Amino acid sequence: MFGSTALLAAVLAGLALSSIYFIIILQFQNGTMRILDIYTTHNPAILPPGPAGESIALRHIYTNIWPLDALINRLTPFFWTLVTGVLPELSLFGVYMAGQLVASETLLLLEGARRGNKGRVVSYSTLWGLAWQNLPWGFVQPVYNLVHVLGARYSEDPTPMTITGTTDAIGSIPGAVVVGYILPSVIMCIPSPQYLSHDTHQALVFAWQLFPLWIWAAHTFITQLTPRSTWSNPIKALRNTYTFALLVACLSHLSIVALVLALIYGPADVQKHLRDTLPPSFLPSNPALVFTLFKPFGKAQVSELAVGVLSLLQYDTVFAGFSALLWATHLLCSRRKNNDVLNVVLGGGILILLFGPCGAALATVWKRDEEVFAEAARARKGKKDY
């Protein structure tokens, strides 16, 4: 099943098309976009209130380019709900999604650095990352995976040469992701007006949205400045990069899942300790909402913008993670002589429990790579014995 390129292509195309309803159309139907319009068209335009209910003016000027500033003004209230802690369920899911994004971004950069992808559409990782920000991630990811399946011929018969790249390009990915994505994500959560003005805070939220560019700049900078001798082993550099991203995905996945489960099913004394310890922005009144998808059909309406943002990001992650995992499973199965789908599916389920869907996709591709390395090592040993 997973080894069939035509079938997988059809499924990925279906995911991309259906994501349009769940991620975009549904948000119009459930009132999210209507509420967003209220804030952006209000006179004067304001941001969604934070936990204290304060009214904050929406910043209008960033670049002095009207169409771009108009787009930023519409996106800022959306992301503002993520950084104020007004809905703890959204704050928790934001941390979870950030970890999954690290796994996806790392995989995107790795595919762009592989020799087998050189010159192909999937090698332009920065452009794909920018597409995530301007189009829903859950739509772009299936499209990316579809393009990869149809155009990256190396994946049909991978070799150590095609799945590796220059050691500096691969070895600098963790540093680039830390500087270009993780650091801006932390900085944009600095509360205002306690530590900076609301205008500056909005500028940081805007700057965060350009993280694919910051990752590209950091990647280029680190690659150029680091001595090539630092990464003398391409396979080791690849393994270090996989380890970094999976560690981030695992920590965010397990910590948020464990917290939600403890708040729902944990002993009373554990729940009391958590409620006494956690800051209000991470103390949900309805923990189950963190991983409960908004009903996709019917006339249900969101109660506030933050609930709609949570709904959109949840479906974003579901479609991106599921499509990436299907694609990664295809890569693993297509190179095996015996298409052991059952074991692969069971293994994928275990990986989801450990790393989340995007982390599981990254781990599956790593497993594919290790099988390629092992097969090449056996072939070399056989020649020596002969």
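This is a predicted model: local features need pLDDT of at least 70, side-chain atom pairs count only at pLDDT 80 or more; totals for chains, interfaces and linings use all residues.

1. Helices, as named in this note, are DSSP runs of H or I with at least four residues, numbered from the N terminus. On that basis, proline 193 is found in the loop between α9 (173-187) and α10 (198-208). The peptide bond that joins serine 192 to proline 193 is cis, with omega at about 5°.

2. Asparagine 64 is placed in the loop between α2 (32-41) and α3 (66-84). Is this residue, asparagine 64, buried or exposed? Its relative accessibility is 66%, so asparagine 64 counts as exposed, the cut-off for that class being over 50%.

3. Arginine 114 also belongs to a loop, in this case the one between α4 (88-113) and α5 (125-134). Arginine 114 has a relative accessible area of 1% and is therefore buried, since that class covers values under 20%. Its side chain makes a polar contact, at 3.1 Å, with the side chain of aspartate 369.

4. The largest nonpolar core contains 100 residues, of which Leu90, Tyr181, Leu313 and Leu362 touch the most other members. Helix α14 (residues 305-334) gives this core its largest share, 16 residues. For leucine 90, leaving aside neighbours within four places in sequence, the contacts are Thr81, Leu82, Ala306, Val309, Leu310 and Leu313.

5. Valine 318 likewise has its place in helix α14. With a relative accessible area of 38%, valine 318 is partly exposed. The C-alpha atoms of valine 318 and alanine 6 are separated by 22 Å, and these two residues are 312 residues apart along the chain.

6. How many cavities of 30 Å³ or more are there? The count comes to two. The largest cavity holds about 70 Å³ of space. Its lining includes Ala103, Ser104, Leu107 and Leu108, together with Trp327, Cys358 and Leu362. At least two lining residues come from each of α4, α6 (137-151), α14 and α15 (341-385), and α4 supplies the largest share, four residues. By class, the lining of the largest cavity has nine nonpolar residues, three polar and no charged.

7. The volume of the second largest cavity is about 50 Å³. Among the residues that line the second largest cavity are Leu26, Gln29 and Asn30, as well as Phe294, Lys295, Pro296 and Phe297. Its lining is made up of five nonpolar, three polar and two charged residues.

8. The second largest pocket contains about 340 Å³ of space. Which residues lie nearest the centre of the second largest pocket? They are Gly112, Ala113, Ser123, Ala169 and His219, out of 16 lining residues. Helices α4, α5 and α11 (211-225) each supply at least two residues of this lining, with the largest share, three residues, coming from α4. The lining of the second largest pocket divides into five nonpolar, eight polar and three charged residues.

Conventions:
Residues are numbered from 1 along each chain as its sequence is written. Side-chain values use heavy atoms; hydrogens and water are left out. Buried means under 20% relative accessible area, exposed over 50%, partly exposed in between (1.4 Å probe, protein chains only). A polar contact is a pair of N or O atoms within 3.5 Å; within protein, one must be able to donate a hydrogen and the other to accept it, and residues adjacent in sequence count only if both atoms are side-chain atoms. On a 1 Å grid over the protein atoms alone, a cavity is a set of points where a 1.4 Å probe fits but cannot get out, and a pocket is an open set with protein on both sides within 12 Å along at least five of seven lines; lining residues have an atom within 4 Å of a point. Grid points are joined across faces, edges and corners, and a volume is the space filled by probe spheres set on the points. Ala, Val, Leu, Ile, Met, Phe, Trp, Tyr, Cys and Pro count as nonpolar, Asp, Glu, Lys and Arg as charged, and the others, Gly among them, as polar. A nonpolar core is a set of buried Ala, Val, Leu, Ile, Met, Phe, Trp, Tyr and Cys residues joined through side-chain atoms within 4.5 Å. Contact means heavy atoms within 4.5 Å.
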